Amino acid sequence: MSQVSPVAPVAPDATTRTETEGARPRERDAFFDNAKFLAIVLVVVGHSWEALRDESRVMAAGYLLLYAFHMPAFTIISGYFSRSFAFRPRQIQRLFSGVVVPYIVFETALNLFRAWNTGEELKITLLYPWYLTWFLMALFIWRLTTPLWRQMRHPFTVSVIVSAAATASPDIGGDLSLQRVLQYLPFFVLGLRLEQRHFETLRDRRLRSLAPAVLALGALAAYWAVPRMNPDWFYHRYAAQELGAPGWVGVLMALGMLGCSLLLSAAFLSLTPSRRTWFTALGTGTLYAYLLHGFLAKGAHYWDWYEGDFANSPAGILLITAVAATVAVALTTPPVVKAFRWVMEPRLDWFLTPAAPQKTKTGNTPRGAAPGS
């Protein structure tokens with residue numbers, strides 16, 4: 001919850017390195033690892049607030065605010081590090097091992113977990129992602145379409161039109177999470193079009209000074225919207241008609257939320273440290289935290305951890321938030337990454353034909369090439 005392997009929510013290592021044909025990969029950029037780490041912490045914290053929002057307008061507003069920008073920011077970064085995807089054999093292998101395999105494993109595991117805890121009938125269909133796995137499905141589809149978006153003259157404009165049209169099209173349904181795939185598409189396409197200089201501009205001192213005010217205004221707007229707006233708009237799972245609104249309202253909401261999310265994402269990225277910090281290295285493990293925390297997030301509901309008055313008290317809210325943040329940090333640490341690498345980044349030499357090493361213009365194989373590049 002960024003290279004040609006997934007970003008976090010998704011990508012394991014090498015999500016902050018790209019490689020062009022005939023060139024050595026750049027060193028990891030601490031800024032992107034920091035951004036991914038901070039975003040995944042917000043994702044986990046946001047899920048811990050889900051059960052608290054009904055009893056508190058403040059928590060409901062915080063929940064709306066997080067959903068307005070944390071996944072859009074992740075998607076922008078995913079697009080940025082997908083720019084070089086061109087169906088090269090090594091890229092296809094990384095797409096399969098880093099996205100398809102985790103999707104199959106966790107779609108199955110999460111549904112088993114749900115059935116075991118709820119007693120519901122076990123239903124596993126890989127065509128209908130449940131809970132967290134929608135992002136892996138979306139990333140798979142987005143990345144396959146990357147060459148097309150790279151060839152268009154006005155890809156962002158086209159993606160916005162597609163997104164708005166999807167919001168007004170209830171017949172799309174939930175298969176392959178297509179509503180989310182299409183409604184989040186502009187963020188991915190924008191990432192494909194961004195360059196390093198654009199992120200450097202966001203870190204300009206003057207813009208950084210404005211970012212807290214932007215987030216504060218976003219929080220006030222979210223607080224105002226809580227009793228007036230269906231929060232499902234921010235999940236991008238449904239068409240307007242499914243939320244009780246006509247299609248033209250869906251188009252306007254899609255455009256309005258896109259603008260809000262881009263502004264808040266810019267503020268978030270502007271405040272992200274560009275230097276190495278204590279958590280920079282943990283930014284390579286965001287896929288692990290994204291997928292693994294789902295069991296605890298759902299388990300907390302199944303096991304009634306939110307029952308009782310304490311959970312909704314100020315002390316309870318602070319404790320739940322602190323625990324969620326700690327879980328997010330723990331799930332990105334090297335021991336967790338090492339323990340689950342076999343499923344997050346499996347070696348599939350037994351299944352896929354090894355890709356030939358890419359060579360530089362001088363005929364030498366580049367050292368340290370980013371997986372999937």
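Mentor: Buried means under 20% relative accessible area, exposed means over 50%, and partly exposed lies in between, with a 1.4 Å probe and protein chains only. Of the 373 residues of the protein, 52% count as buried. This is a predicted model, where local features need pLDDT of at least 70 and side-chain atom pairs count only at pLDDT 80 or more, while totals for chains, interfaces and linings use all residues. Residues are numbered from 1 along each chain as its sequence is written, and side-chain values use heavy atoms, with hydrogens and water left out.

Trainee: Why does Ser159 count as buried?

Mentor: Ser159 has 0% relative accessibility, so it counts as buried. This serine is found in helix 6. Leaving aside neighbours within four places in sequence, Ser159 is in contact (heavy atoms within 4.5 Å) with Trp149, Leu185, Pro186 and Val189.

Trainee: Why does Gly174 count as partly exposed?

Mentor: Because its relative accessibility is 27%, Gly174 counts as partly exposed. Gly174 sits in the loop between helix 6 (155-167) and helix 7. Not counting residues up to four places away in sequence, Gly174 touches Leu127, Tyr128 and Pro129. The C-alpha atoms of Gly174 and Pro129 are separated by 8.3 Å, and the two residues are 45 apart along the chain.

Trainee: How many helices and how many strands does the secondary structure of the protein come to?

Mentor: There are 14 helices and zero strands. Helices (H or I, at least four residues) and strands (E, at least two) are DSSP runs, numbered from the N terminus.

Trainee: What is the span of helix 10 set against?

Mentor: The expected span is 1.5 Å times one less than the number of residues. Helix 10 (residues 205-225) has 21 residues, and 30 Å is expected. From first C-alpha to last, helix 10 reaches 31 Å, close to that value.

Trainee: Where does helix 10 bend?

Mentor: At Ala211, by about 25 degrees. The bend at a residue is the angle between axes fitted to the seven residues ending there and the seven starting there. A proline, Pro212, follows within four residues. Ala211 is also one of the buried residues of helix 10, with Gly218, Ala222 and Ala225. Their cover includes helix 2 and helix 11 (247-271).

Trainee: What makes a space a cavity or a pocket?

Mentor: On a 1 Å grid over the protein atoms alone, a cavity is a set of points where a 1.4 Å probe fits but cannot get out. A pocket is an open set with protein on both sides within 12 Å along at least five of seven lines, and lining residues have an atom within 4 Å of a point. The largest cavity has a volume of about 50 Å³. Ser163, Thr167 and His236 are among its lining residues, and helix 11 gives the largest share, four residues.

Trainee: What is the volume of the largest pocket, and which residues lie nearest its centre?

Mentor: The largest pocket holds about 630 Å³. A volume is the space filled by probe spheres set on the points, and grid points are joined across faces, edges and corners. Of 27 lining residues, Tyr131, Trp134, Arg180, Tyr235 and Arg237 lie nearest the centre of the largest pocket. Helix 2 supplies the largest share of this lining, four residues.
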